[in-house]
Amino acid sequence: MSALARYRQEWFGNITRDTLAGMVGTFALIPEVIAFSFVAGVDPAVGLYASFVISVVIAFTGGRPGMISGAAGSVALVAAALVRGHGVQYLLAATLLCGLLQVIFGLLRLHVLMRYVSRPVRTGFVNALAILIFSAQVPHMLHVTWHTYAMIALGLAIIYTLPRLFSAIPSPLICIVILTVISVLCPMPLHTVADLGRLPDSLPHLVWPDVPFSLDTLNIIAPYALAMASVGMLESMMTARVVDDLTETHSSKRQECMGLGVANIAVGLFGGIAGCGMIGQTVGNLRYGGRGRLSTFVAGAFLLLLMVALRPWVAQVPVAALVAIMIMVSASTFSWSSLRDLVHHPRTTSVIMLATVAVVVGTHDLAAGVAVGVLLNGLFFAFQVSSMLSVSSTLSDDGTRRTYIVNGQVFFASSDGFADAFDLHDTARHITIDLTHAHIWDMTAAGMLEELIGKMEAQGKDVQLIGLNGASTKLLARHTRLQPAE
């Protein structure tokens with residue numbers, strides 16, 4: 001399929017389901033974006049405008065069809081300190097710089113770093129996010145009357161039972177309509193969307209950050225912009241990978257990174273906060289058939305329509321309906337099979353997944369959880385590989401020649417064990433180290449080998465290296481004084 005034909009298919013190959021799923025995604029965006037706006041310390045309109053701009057722009061520029069992006073909590077956490085210390089105008093400047101950095105990240109192909117995020121880390125990321133999505137609904141269920149619980153229960157019943165009878169329209173959309181009609185016809189003490197914060201009452205317009213154009217300003221915004229760009233790219237790449245797994249398709253992570261940068265530049269110019277991929281809303285979009293770019297576009301465009309043209313109606317939507325939808329999204333996001341796998345998978349895999357969940361839930365920082373998971377995965381991998389190193393030896397009949405046979409990978413984690421396998425007080429005068437089935441990976445291993453041979457030669461022993469592969473030979477020749485035998 002040509003690039004043009006594929007792009008056309010991504011837009012118009014699933015029009016009905018993409019449109020309806022995008023509309024559901026819009027309602028899922030509203031409570032989350034407003035909540036994240038409060039976290040960042042900005043007016044809800046800033047987050048809602050940002051979600052509109054990001055969704056519309058990235059629908060054209062992104063590399064992962066079917067993915068919903070908007071003002072996300074992880075970026076809001078980073079931005080909060082900047083807003084408290086310097087105000088919203090500096091946030092807009094940081095958003096512009098964040099977008100520029102993400103475009104540069106894409107040009108430099110830094111998205112390939114996602115290859116080091118293993119499946120246990122991704123599973124922990126998804127499970128933690130499901131827990132955070134559910135926990136974000138808990139405040140809406142505290143200190144309320146029984147009417148709220150009844151409406152949530154009715155909403156969940158509609159969401160889960162209606163698809164068995166009728167599936168042309170996503171059940172969450174029907175849930176919102178029915179619960180809103182009930183709350184209007186039968187007034188009861190319920191919180192509505194209007195209670196979550198001031199909704200936009202006009203279209204977004206172009207603005208330029210009202211900050212001094214100076215090095216002092218750059219010094220203030222640069223650390224926050226870099227953190228926002230890194231966290232946003234990480235969360236978007238993780239979300240894109242989850243969509244790849246769920247849809248069994250591939251996407252262009254580089255294009256997604258650059259597209260996100262372009263979207264965040266546009267956000268900064270329209271007075272919004274930087275954003276990224278939102279996995280909860282994305283999973284909800286996929287759950288109801290959204291697969292193409294049109295679903296992403298509709299999620300943003302319908303958000304603006306609701307916030308401006310239909311603002312009085314949207315203000316009457318009961319929060320209970322949104323809570324029911326987000327509970328469904330949380331349940332469908334969580335990898336329930338991972339609980340069963342805790343018993344069957346290797347212990348290290350389970351530890352990595354649980355550690356990722358614990359850090360994300362404890363800090364509400366998805367990037368921190370992923371970083372801890374990747375670090376643990378690297379440590380466990382290094383330990384497992386280093387434990388596979390073995391060194392055996394044979395002594396000639398006359399006792400004058402000993403041959404050490406090395407099997408495995410010699411690197412920083414295994415170099416100490418490698419050195420301990422050699423007897424420096426051996427009476428044999430001729431030592432051969434056979435590395436045919438080994439590989440020297442780094443400077444730590446090369447330095448350890450050079451030091452070991454130096455100690456043997458200082459005792460008058462004749463030491464010979466044999467069997468080195470080409471890469472190991474180049475490493476030793478370039479960084480040590482050793483001369484391997486041909």
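This is a predicted model: local features need pLDDT of at least 70, side-chain atom pairs count only at pLDDT 80 or more; totals for chains, interfaces and linings use all residues.
User: How many helices and strands in the chain?

Analyst: The chain has 20 helices and 6 strands. Both are DSSP runs numbered from the N terminus: H or I over at least four residues for helices, E over at least two for strands.

User: Which strands form the open sheet?

Analyst: E3, E4, E5 and E6, in the order E3-E4-E5-E6, with mixed pairing. Two strands pair if DSSP finds at least two bridges between them. E3 (390-395) and E6 (462-466) stand at the edges with a single partner strand each, so one side of each has no neighbour in the sheet. On average, neighbouring strands are turned by 20 degrees against each other, direction ignored.

User: In which sense do E3 and E4 pair?

Analyst: Antiparallel, over 6 bridges. Val-391 stands opposite Val-406 in E4. The hairpin of E3 and E4 has 5 residues between the strands, and Gly-399 in that hairpin takes a positive phi near 75 degrees.

User: What about E4 and E5, in which sense do they pair?

Analyst: Parallel: E4 (residues 401-410) and E5 (residues 430-440) share 9 bridges. Ile-405 has Asp-434 in E5 as its bridge partner. Helix H19 (residues 443-458) packs on the sheet, where it touches E4, E5 and E6, and its direction makes about 175 degrees with that of E5. Those axes are lines fitted to C-alpha atoms, for helices over the stretch in contact, and angles run from 0 to 180 degrees between N-to-C directions.

User: Which residue in E6 does Asp-434 stand opposite?

Analyst: Ile-466. E5 and E6 pair in the parallel sense over 5 bridges. On E6, Val-463 and Leu-465 make up the covered face, and Asp-462, Gln-464 and Ile-466 the uncovered one.

User: Back to the loop between E4 and helix H18: where is Ser-414?

Analyst: Ser-414 is found in that loop, with H18 spanning 415-420. Its relative accessible area is 3%, so Ser-414 is buried.

User: What does the side chain of Ser-414 reach?

Analyst: The backbone nitrogen of Phe-411, at 3.0 Å. Leaving out residues up to four places away in sequence, Ser-414 touches Ser-386, Leu-389 and Gln-409.

User: Helices now. How far does H10 reach from its first C-alpha to its last?

Analyst: 25 Å for the 17 residues of H10 (residues 253-269), close to the 24 Å expected at 1.5 Å a residue. The expected span is 1.5 Å times one less than the number of residues. Buried residues in H10 include Cys-257, Leu-260, Ala-263, Asn-264 and Val-267.

User: What do the buried residues of H10 pack against?

Analyst: Helices H3 (44-61), H5 (88-107) and H9 (215-247), plus strands E1 (69-70) and E2 (276-277). Just after H10, Gly-271 takes a positive phi of about 75 degrees.

User: Is H12 mostly covered or uncovered?

Analyst: Mostly covered, since 12 of the 17 residues of H12 are buried, among them Arg-293, Phe-302 and Met-307.

User: Last one: which helix does Ala-128 lie in?

Analyst: H6 (residues 119-137). Ala-128 is buried, at a relative accessible area of 0%. Ala-128 touches Val-357, Val-360 and Val-361, not counting residues up to four places away in sequence. Val-361 is 233 residues from Ala-128 in sequence but 6.0 Å away in space, C-alpha to C-alpha.

Key:
Residues are numbered from 1 along each chain as its sequence is written. Side-chain values use heavy atoms; hydrogens and water are left out. Contact means heavy atoms within 4.5 Å. Buried means under 20% relative accessible area, exposed over 50%, partly exposed in between (1.4 Å probe, protein chains only). A polar contact is a pair of N or O atoms within 3.5 Å; within protein, one must be able to donate a hydrogen and the other to accept it, and residues adjacent in sequence count only if both atoms are side-chain atoms.
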